[in-house]
Amino acid sequence: LNATSTGAGNMARGIGARVVAGGNSVRFLALDPERADGLASKLQDQAQEGETATTSSLGDPIENDIVVLAVPYRAVQSVAERYGPELSGKVGADITNASDRESMDRLFTHAGSSPRPRRSPGSSLARHPSRRSTPPSPARSWRGRWPTTRSMCSLLATKPAPNR
Amino acid sequence: MRTVEDGGLRPIDAGPLRRASEFEALKFFGITQQRPLGLNVASAWKLIS
């Protein structure tokens with residue numbers, strides 16, 4: 001199965017390399033197409049059969065069956081707003097990092113919450129910990145349509161030594 | 001799973017998606033220990049027996 005990555009940063013590079021190594025194609029949807037083009041051409045050079053590494057602008061339609069969210073945690077909301085209905089039936093991998101990088105003393109997600117429910121970005125994120133005060137975000141309802149989602153983080157955690 | 005396997009990784013079904021909550025907390029704890037232990041961002045948890 002081919003994969004689409006929203007984002008073209010370091011995580012997208014690592015995951016994209018594995019996708020291409022397996023003979024599958026990857027497309028990067030990026031805000032910065034120039035950076036994404038550089039990444040795609042490097043991966044394309046590593047392709048051995050017919051697999052491709054291509055880029056497109058974030059916002060363009062997603063055609064692949066697997067979608068990797070390789071964007072900053074706070075950007076997930078906008079991705080969900082743009083793509084929500086289109087993601088139905090696809091396999092999603094949410095690899096975003098919910099750490100509060102400023103304090104490094106908490107996660108933006110709630111302890112005991114499931115599955116990785118998100119709140120609206122912005123001021124309410126940090127200041128209103130009460131779950132009841134926050135209406136369900138588009139990201140949350142969108143997640144519910146992904147029954148087959150597994151955290152790509154858990155998959156990466158089992159990575160053996162690179163075999164090529 | 002197949003695509004992950006193709007890429008040379010060993011995919012593991014770690015249970016229902018609600019387990020992502022605990023996994024996320026584990027990862028976060030790991031991140032906070034990187035500096036005191038002198039590890040880099042590629043450090044990882046290993047489950048052994």
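This is a predicted model: local features need pLDDT of at least 70, side-chain atom pairs count only at pLDDT 80 or more; totals for chains, interfaces and linings use all residues.
B:Phe29 is partly exposed, at 43% relative accessible area.

Now go to chain A and pick A:Tyr73 and A:Phe108. The structure holds two aromatic pairs over all chains. In the pair of A:Tyr73 and A:Phe108, the ring centres are 5.8 Å apart and the planes meet at 10°, so the rings are stacked. Follow the chain between them: the two residues are 35 apart, and the pair links distant parts of the chain. A:Tyr73 sits in the loop between strand 4 (66–69) and helix 3 (76–83) of chain A. A:Phe108 sits in the loop between strand 5 (91–94) and helix 4 (123–127) of chain A. Buried or exposed, what is A:Tyr73? A:Tyr73 is buried, because its relative accessibility is 9% and the limit for buried is under 20%. A:Phe108 is buried as well, with 10%.

Return to chain B for the stacked pair there. The rings of B:Phe29 and B:Trp45 have centres 6.2 Å apart and planes at 10°, so this pair counts as stacked. B:Phe29 belongs to helix 2 (residues 20–37) of chain B, while B:Trp45 lies in the segment after helix 2, so the pair ties together parts that are 16 residues apart in sequence.

What sits over the ring of A:Phe108? The charged end of A:Arg74 does, 4.9 Å from the ring centre.

Next, show strand 4, helix 3 and strand 5 of chain A together. They make a right-handed β-α-β unit. Strand 4 and strand 5 of chain A run parallel, joined by four bridges. For a position to check, select A:Ile66: it stands opposite A:Val91 in strand 5 of chain A.

Which residues of helix 3 of chain A are buried? They are A:Val76, A:Gln77, A:Val79, A:Ala80 and A:Tyr83. Look down the axis: these residues cover an arc of only 165°, which puts them on the same side of helix 3 of chain A.

Now the charges. Side chains of opposite charge can pair when their charged atoms come close. The count is four salt bridges over all chains.

- Select A:Arg82 and A:Glu86. Their side chains meet in a salt bridge, 2.8 Å from N to O. A:Glu86 is partly exposed at 31% relative accessibility, and A:Arg82 is partly exposed at 32%.
- Select A:Asp100 and A:Arg106. This salt bridge is 2.8 Å, N to O. How accessible is A:Asp100? A:Asp100 is buried, with a relative accessible area of 10%.
- Select B:Arg2 and B:Asp6. Their side chains form a salt bridge of 3.1 Å, N to O. Both residues lie in helix 1 (residues 2–6) of chain B, four residues apart, about one turn of the helix. B:Arg2 counts as exposed, because its relative accessibility is 59% and exposed means over 50%. B:Asp6 is partly exposed, at 27%.

The ring of A:Tyr73 is stacked with that of A:Phe108. The charged end of A:Arg74 sits over the ring of A:Phe108.

Notes: Residues are numbered from 1 along each chain as its sequence is written. Chains are lettered from A and ligands numbered from 1 in the order in which they are written. Side-chain values use heavy atoms; hydrogens and water are left out. Buried means under 20% relative accessible area, exposed over 50%, partly exposed in between (1.4 Å probe, protein chains only). Rings of Phe, Tyr and Trp (its six-membered ring) pair if their centres lie within 6.5 Å; planes under 30 degrees apart count as stacked, over 60 as edge-to-face and the rest as tilted. A charge sits over a ring if NZ of Lys or CZ of Arg is within 6 Å of the ring centre and within 35 degrees of the ring normal. The arc is that of the directions from the helix axis to the C-beta atoms. Two strands pair if DSSP finds at least two bridges between them. A crossover is right-handed if, with the strands pointing away from the viewer, the path from the first strand over the helix to the second runs clockwise.
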